[in-house]
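User: I'd like to learn how to read a few features off a model, step by step. Could you take me through this one?

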Amino acid sequence: MIPGPETLRAKIRTLGPAMTRSMLVVAEAVAADPADCSKLTVTALAARTGTSEATVVRTARLLGYPGYRDLRLALAAIAARQESGAAPAVTADIAVDDPIADVIAKLAYEEQQTLAETAAGLDHAQLAAAVNALAAARRIDIYGVGASALVAQDLAQKLLRIGLIAHAHGDPHLAITNAVLLRPGDVAVAITHSGATGDVIEPLRHAFEHGATTIAVTGRPGGPVAHYADLVLATSAARETELRPAAMSSRTSQLLVVDCLFVGIAQRSFATAAPALAASYEALAPRHRATAPGTPRASPPGAPRNRPSGGASNSPS
């Protein structure tokens with residue numbers, strides 16, 4: 001399915017922090033009028049936006065196209081779709097009128113692609129170094145806000161269950177006050193899809209300046225967060241749309257990186273990690289079996305279920 005203008009606008013919002021002001025002018029122009037811009041040469045679009053040909057080409061490449069010609073073809077396709085009256089897209093592949101079976105299949109395919117892209121792009125040496133640093137850390141701080149805060153909490157929980165001292169900080173003030181106490185031998189992990197989230201970069205900077213080993217998990221390896229990261233683990237550049245922002249789809253690739261870190265650490269410290277994990281499972285097991293007082297025992301699958309009536313008897317009336 002051809003992407004719609006809403007998809008292009010969403011992509012521009014995601015990439016905005018990485019654009020110069022002149023690049024943003026070009027991007028906003030093509031999103032506002034894809035039909036007209038698709039007819040313009042690179043020189044004409046540069047003149048219309050008051051920028052240079054080089055800026056137009058750089059903008060096209062940042063938006064994911066090999067060159068300006070490819071961007072023009074995409075804009076022409078968007079314009080053709082608008083003229084045809086096709087249903088608007090919820091994502092690049094899903095239309096408003098798609099049946100739920102198609103939605104499931106398309107989302108599953110997109111998740112698979114995201115995981116495959118992340119796995120292919122992970123730097124094995126950087127990942128191994130991150131595993132070694134985390135496994136040997138005296139203390140681990142993890143920073144993430146918004147959707148990335150959920151991933152930070154997941155990593156902290158996993159590390160705690162194998163005996164490591166790890167804390168996830170979603171509050172920027174607490175993150176900074178903890179970061180300034182880190183020292184060599186400690187590790188700080190920043191999780192930010194955009195690579196430009198100030199509330200995550202600021203505590204990472206403090207941790208970096210105080211000698212802690214710093215790790216960035218980001219979809220923008222060249223973003224500002226990398227300036228304060230000893231190690232960078234790149235995630236897939238999520239396909240953002242109006243109803244499925246990058247904050248949602250990026251979690252898939254972030255969680256894959258978290259799982260790679262956790263399994264690598266568990267391998268490296270198996271002698272201590274395995275007993276710690278077993279102990280946590282044993283401690284939680286009763287909570288997974290508990291039932292409410294008076295709850296009847298489960299019936300075999302397919303058996304009729306009796307529901308209490310207004311009287312004393314539970315038999316059907």
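User: Let's begin inside the fold: leaving aside its neighbours within four places in sequence, which residues is T118 in contact with?

Analyst: Contact means heavy atoms within 4.5 Å. By that rule, and skipping neighbours within four places in sequence, T118 touches A234, T235, S236, S253, L256 and V257. Before going on: this is a predicted model, where local features need pLDDT of at least 70 and side-chain atom pairs count only at pLDDT 80 or more, while totals for chains, interfaces and linings use all residues. Numbering starts from 1 along each chain as its sequence is written, and side-chain values use heavy atoms, with hydrogens and water left out.

User: Is T118 buried or exposed?

Analyst: Buried means under 20% relative accessible area, exposed over 50%, and partly exposed in between (1.4 Å probe, protein chains only). T118 has 1%, so it counts as buried. It sits in helix α7 (residues 100-121); helices here are DSSP runs of H or I, at least four residues, and strands are runs of E, at least two, both numbered from the N terminus.

User: Which backbone oxygen lies 2.9 Å from a polar atom of the T118 side chain?

Analyst: That of T114. A polar contact is a pair of N or O atoms within 3.5 Å; within protein, one must be able to donate a hydrogen and the other to accept it, and residues adjacent in sequence count only if both atoms are side-chain atoms.

User: Now the sheet. What is the strand order?

Analyst: Two strands pair if DSSP finds at least two bridges between them. Here you get an open sheet of five strands, β2-β1-β3-β4-β5, with parallel pairing. At the edges are β2 (166-169) and β5 (231-234), each pairing on one side only. Strand β1 (residues 140-143) is joined to β2 by four bridges, and D141 stands opposite H167 in β2.

User: Which helix lies across β1, β2 and β3?

Analyst: For angles, axes are lines fitted to C-alpha atoms, for helices over the stretch in contact, and values run from 0 to 180 degrees between N-to-C directions. Helix α9 (residues 147-161) is the one, running at about 170 degrees to β2. Helix α11 (residues 198-209) packs on the sheet too, touching β1, β3 and β4 (213-218), and makes about 160 degrees with β3.

User: And how many disulfides are there?

Analyst: A disulfide is a pair of cysteine sulfur atoms within 2.5 Å, and the count comes to zero. As for individual cysteines, C37 is buried at 1%, whereas C260 is partly exposed at 28%.
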